[in-house]
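I opened the coordinates and kept notes as I went. Each entry records what I looked up and what came back.

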Amino acid sequence: MKYKGYLIDLDGTMYRGSEPIKSARDFVKKLHKNGTPYMFITNNSSRSQKDISQKLNDMGVPATQEQVVTSSVAAAMYLKGLNQGASCYLLGEKGLHEALEDGGFSITDDDNCDFVVMGIDRHITYEKYAKACLAIRKGAAFIVTNSDTAIPTERGLLPGNGALSSVIAVSTGVEPIAVGKPEPVIMEAALSKLGLEKTDIAMIGDNYHTDIRAGINAGIDTIMVFTGVTRKEELPGLEKKPTHHVADLREWMAFI
Ligand SMILES: [Mg+2]
C-alpha cells in the first residue's frame with residue numbers, strides 16, 4: 001500500500017458531466033471496502049456538499065457529505081480562522097450561501113462588511129458588482145472560491161469565477177485571495193478533515209494546472225489521470241511533473 005489516504009478531484013476524474021468514469025468508481029469502491037480514508041476536492045462552489053455526495057451515490061460511488069470539500073466549504077473554513085462570525089457580502093450560488101451560513105457567518109446585503117466572498121454567480125448583475133466594489137473600497141477583504149477562468153460545459157468553455165471576479169479586481173485594484181485549487185488553502189482544509197500527514201497521502205486529478213499544481217504547492221504527492229482535461233502528450237513539456245501518472249485509476253488498483 002503506497003498511501004494511507006487520498007484526495008480526489010471530481011470533474012474529469014470521477015465523472016464527465018453526468019457520465020461516471022467506471023475505473024474511478026471501482027477504485028473508490030475498493031478504497032471504501034478497505035477502509036482507506038479519502039475525500040473529494042472540487043473547485044465547484046455552486047453546489048452543496050449534499051448535492052455532490054448525492055450525485056456520487058447515484059453513480060454508485062460511496063461518498064458522504066463530510067467527504068466532499070468544495071471551494072465554498074474551504075472558503076468558510078479559511079474565513080473562520082481569520083474572523084469567526086464576521087459579516088460577509090456574497091456573490092455566488094447555493095453552495096456558497098449554504099457553506100457560509102453553516103460556518104456561522106452573518107450574510108449581509110450591506111456594503112459595510114468584513115469580507116466580500118465570491119464564487120461563480122450565473123445571475124450576476126451590475127448592482128452586485130457595485131456593492132462588492134464599494135465594500136472593498138471601504139476596507140472589506142476580497143476572497144474568491146477559485147480563479148478558474150473558463151469552465152467546461154456541454155456548450156463549450158464558459159466564463160468561470162476567475163473571469164467574473166476579475167471585474168472587481170480591475171475596478172478596485174485589489175487582487176483577491178483565492179481558496180480553490182491550485183492554492184494550498186483548499187488542500188489544507190481537506191487535510192485537516194482527513195487527519196493524515198501530508199507524506200501519507202496523494203492528490204489524484206485530471207487537470208495539471210489545478211489538481212496537480214495544488215498537490216505540488218501543498219507538498220503532497222500527486223497521481224495524474226488522463227481521463228479529463230490534461231492529455232498525456234503534454235506531460236513531457238511540464239517543468240514539474242506529477243509524482244505518478246496513469247491512464248485511468250484501474251492502473252492504480254494494485255497499489256491500494
Ligand atoms: Mg478535474
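**Charge over a ring**

I started with Lys55. Its charged end sits over the ring of Tyr15, 3.9 Å from the ring centre. I noted that this is a predicted model.

**Metal site**

Which protein donors does the magnesium ion have? I found Asp9 (OD), Asp11 (O) and Asp206 (OD), lying 2.1 Å from the ion. Along the chain these donors follow the spacing D-x1-D-x194-D.

Asp9 has a relative accessible area of 6%. The cut-off for buried is under 20%, so Asp9 is buried. Asp11 comes out at 47% relative accessibility and counts as partly exposed.

**Aromatic pairs**

I counted the ring pairs with centres within 6.5 Å. The count comes to five aromatic pairs. One of them is Tyr6 with Phe27, at 5.6 Å centre to centre and 80 degrees between the planes, an edge-to-face pair. I then checked where the two rings sit. Tyr6 is in strand β1 (residues 5-9) and Phe27 is in helix α1 (residues 22-34). They are 21 residues apart, and the pair links distant parts of the chain.

Are these two residues buried or exposed? Tyr6 has 0% relative accessibility and counts as buried. Phe27 also has 0% and counts as buried.

I looked at Tyr38 and Phe40 next. Their ring centres are 5.6 Å apart and the planes stand at 80 degrees, so this pair is edge-to-face. Tyr38 and Phe40 are both buried.

I also noted a cluster. Tyr3, Tyr6, Phe27, Trp252 and Phe255 form one aromatic cluster.

**Helix α1**

I read 13 residues for α1 and a reach of 18 Å from the first C-alpha to the last. That is close to the 18 Å expected at 1.5 Å a residue.

Which residues of α1 are buried? I listed Ser23, Ala24, Arg25, Phe27, Val28 and Leu31. These buried residues pack against β1, β4 (38-42) and β13 (201-205).

I followed the helix to its end. Asn34 is placed in α1. Its relative accessible area is 41%, so Asn34 is partly exposed. After α1 comes Gly35, which has a positive phi near 75 degrees.

**The five-stranded sheet**

I traced an open sheet of five strands. The order is β7-β6-β8-β9-β12, and the pairing is parallel. β7 (106-107) and β12 (177-178) stand at the edges. Each has a single partner strand, so one side of each is left without a neighbour in the sheet.

I reminded myself of one general point. Strands of a sheet pair through backbone hydrogen bonds, either parallel or antiparallel.

**Strand β6**

How much of β6 is buried? Five of its five residues are, so β6 is largely enclosed by the rest of the structure. I sorted the residues by face. Ser87, Tyr89 and Leu91 lie on one side, Cys88 and Leu90 on the other, and both faces are covered.

Then I went through the partners of β6. Two bridges join β6 to β7, and the two strands run parallel. Cys88 stands opposite Ile107 in β7. On to β8: four bridges join β6 (residues 87-91) to β8, again parallel. Leu91 has Met118 in β8 as its bridge partner.

**Strand β8**

Met118 took me along β8. Which way do its side chains point? Phe115 and Val117 point one way, Val116 and Met118 the other way. I recorded all of these as buried. In a regular strand the side chains alternate between the two faces of the sheet.

Four bridges join β8 (residues 115-118) to β9 (residues 141-144), and the strands run parallel. Phe115 stands opposite Ala141 in β9. Met118 stands opposite Val144 in β9. Met118 is also the bridge partner of Leu91.

Conventions. Residues are numbered from 1 along each chain as its sequence is written. This is a predicted model: local features need pLDDT of at least 70, side-chain atom pairs count only at pLDDT 80 or more; totals for chains, interfaces and linings use all residues. Side-chain values use heavy atoms; hydrogens and water are left out. Donors are N, O and S atoms within 2.8 Å of the metal (3.2 Å for Na, K and Ca); water is not among the atoms, so sites may look incomplete. Buried means under 20% relative accessible area, exposed over 50%, partly exposed in between (1.4 Å probe, protein chains only). Rings of Phe, Tyr and Trp (its six-membered ring) pair if their centres lie within 6.5 Å; planes under 30 degrees apart count as stacked, over 60 as edge-to-face and the rest as tilted. A charge sits over a ring if NZ of Lys or CZ of Arg is within 6 Å of the ring centre and within 35 degrees of the ring normal. The expected span of a helix is 1.5 Å times one less than its number of residues. Contact means heavy atoms within 4.5 Å. Two strands pair if DSSP finds at least two bridges between them.
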